[in-house]
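Hi,

Here is the structure I promised to pass on.

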Amino acid sequence: MAATVIDGKAFAAKVRERVKAHVTRLVEEHGVMPGLAVVLVGENPASEVYVRSKGKATREAGMKSVEHKLDAATSEADLLALIGELNRDETIHGILVQLPVPDHIDADKVLAAIDPAKDVDGFHISNVGLLGTGQKAMVPCTPLGCLMMLREELGSLSGMEAVVIGRSNIVGKPMAQLLLKDSCTVTIAHSRTRDLPGVVRRADIVVAAVGRPNMVTSEWIKPGATVIDVGINRIEKPEGGTRLVGDVDYEDVAKVAGAITPVPGGVGPMTIACLLANTVTACCRKLGLAEPEGLTA
Ligand code: NDP
């Protein structure tokens, strides 16, 4: 039987509606509008596209959106000073510095300067530690989006075998922590894993976050498994031009899996939706209000 397609675009639209409803309540009942500040240093075309779409999505959700576009020659000290201002700004509940930053700026130092309570990317070491110890944290957007889709598709994840392929700090590791928090039995695989197909074949849940086009094939997949493809890879088309594919050979794996996310239209749209969700969560925590249901880990 063909796999269920997990429609990330449709689910992201639902999450954004939930965010918007929550924002309306915050404005009407508490007189507070959640605010997100995005900081971009330099002129990276891909980053500019991301920043524009983040700003648009933030405004569409009824939130305040502030964009700081800084010259590529901006000094680290000036960037840190701006982050200090945003940390103190009562109208800003989320701060995101678009990575990568130019080479003369130490990205770790910049991330460490963001108030952890406003760290909507979940990259601050305090949030990494909180997540790692099972406490309330700001959670990185991409793994949060994957978790939301898995819960929507499968309900309780308790007791399931999960294999995460990739151990990066922004996807693989936080994804594994979230699955562990939901009581999965978690394996993190990486480039040194022996018998990767054999390891993946054990999984009820597979999350691929590698950056290798079409690496995961149907022989790796246990029949009925749920497959989440985080990878975004641009490949040449035989007839010329390029197209986006994931880390999973979609057509092949869809014959065996129970459910699968497509690329594009799977994890990608959920990442921005989760950025909005995190901004609302940060705002609610700041005000001491109940956290928005269905929008947190
Ligand atoms: P990184 O390059 O930081 O990490 C890749 C991981 O894959 C590493 O842990 C690496 O292992 C592992 N790996 C590489 N080759 C193999 C292999 N042959 N077998 C097993 N494991 C392997 O990437 P990211 O985590 O940042 O991103 C992963 C993918 O997800 C990329 O395609 C990226 O574009 C995409 N992405 C998508 C997002 C979205 O919104 N949809 C957001 C973020 C990322 P090792 O550590 O041993 O080197």
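Let me begin with a proline: P100 lies in the loop that runs between β4 and α4 (107-113). (Helices are DSSP runs of H or I with at least four residues, strands are runs of E with at least two, and both are numbered from the N terminus.) The peptide bond joining L99 to P100 is cis, with omega at about 0°.

Before I go further, some ground rules. This is a predicted model, where local features need pLDDT of at least 70 and side-chain atom pairs count only at pLDDT 80 or more, while totals for chains, interfaces and linings use all residues. Residues are numbered from 1 along each chain as its sequence is written, and side-chain values use heavy atoms, with hydrogens and water left out.

Two other backbone spots to look at:
- V263 to P264 is a cis peptide bond, omega near 0°, and P264 sits in the loop between β11 (259-260) and α10.
- S183 has a positive phi, near 65°, although it is not a glycine; this serine is in the loop between α7 (172-181) and β6 (185-189).

Now the pocket. (A pocket here is an open set of points on a 1 Å grid over the protein atoms alone, where a 1.4 Å probe fits, with protein on both sides within 12 Å along at least five of seven lines; lining residues have an atom within 4 Å of a point. The volume is the space filled by probe spheres set on the points, which are joined across faces, edges and corners.) Its lining has 46 residues, with Y50, T142, I232, G268 and T271 nearest the centre. Helix α2 contributes the most, eight residues. By type, the lining splits into 26 nonpolar, 12 polar and eight charged. (Ala, Val, Leu, Ile, Met, Phe, Trp, Tyr, Cys and Pro count as nonpolar, Asp, Glu, Lys and Arg as charged, and the others, Gly among them, as polar.)

The ligand sits in this largest pocket, meaning that more than half of its atoms lie within 2 Å of the grid points. There are 22 residues around the ligand, and R167, S168, S191, I232 and T271 come nearest (a heavy atom within 4 Å puts a residue in this shell). Helix α10 (267-287) gives the most to that shell, three residues.

For polar contacts (N or O pairs within 3.5 Å), a side-chain N or O of R167 is 2.7 Å from a ligand oxygen. A polar side-chain atom of R212 is 3.2 Å from a ligand nitrogen, and a polar backbone atom of I232 is 3.1 Å from a ligand oxygen. The protein covers 70% of the 930 Å² of accessible area that the ligand has on its own (Shrake-Rupley, 1.4 Å probe).

Cheers

Notes:
A polar contact is a pair of N or O atoms within 3.5 Å; within protein, one must be able to donate a hydrogen and the other to accept it, and residues adjacent in sequence count only if both atoms are side-chain atoms.
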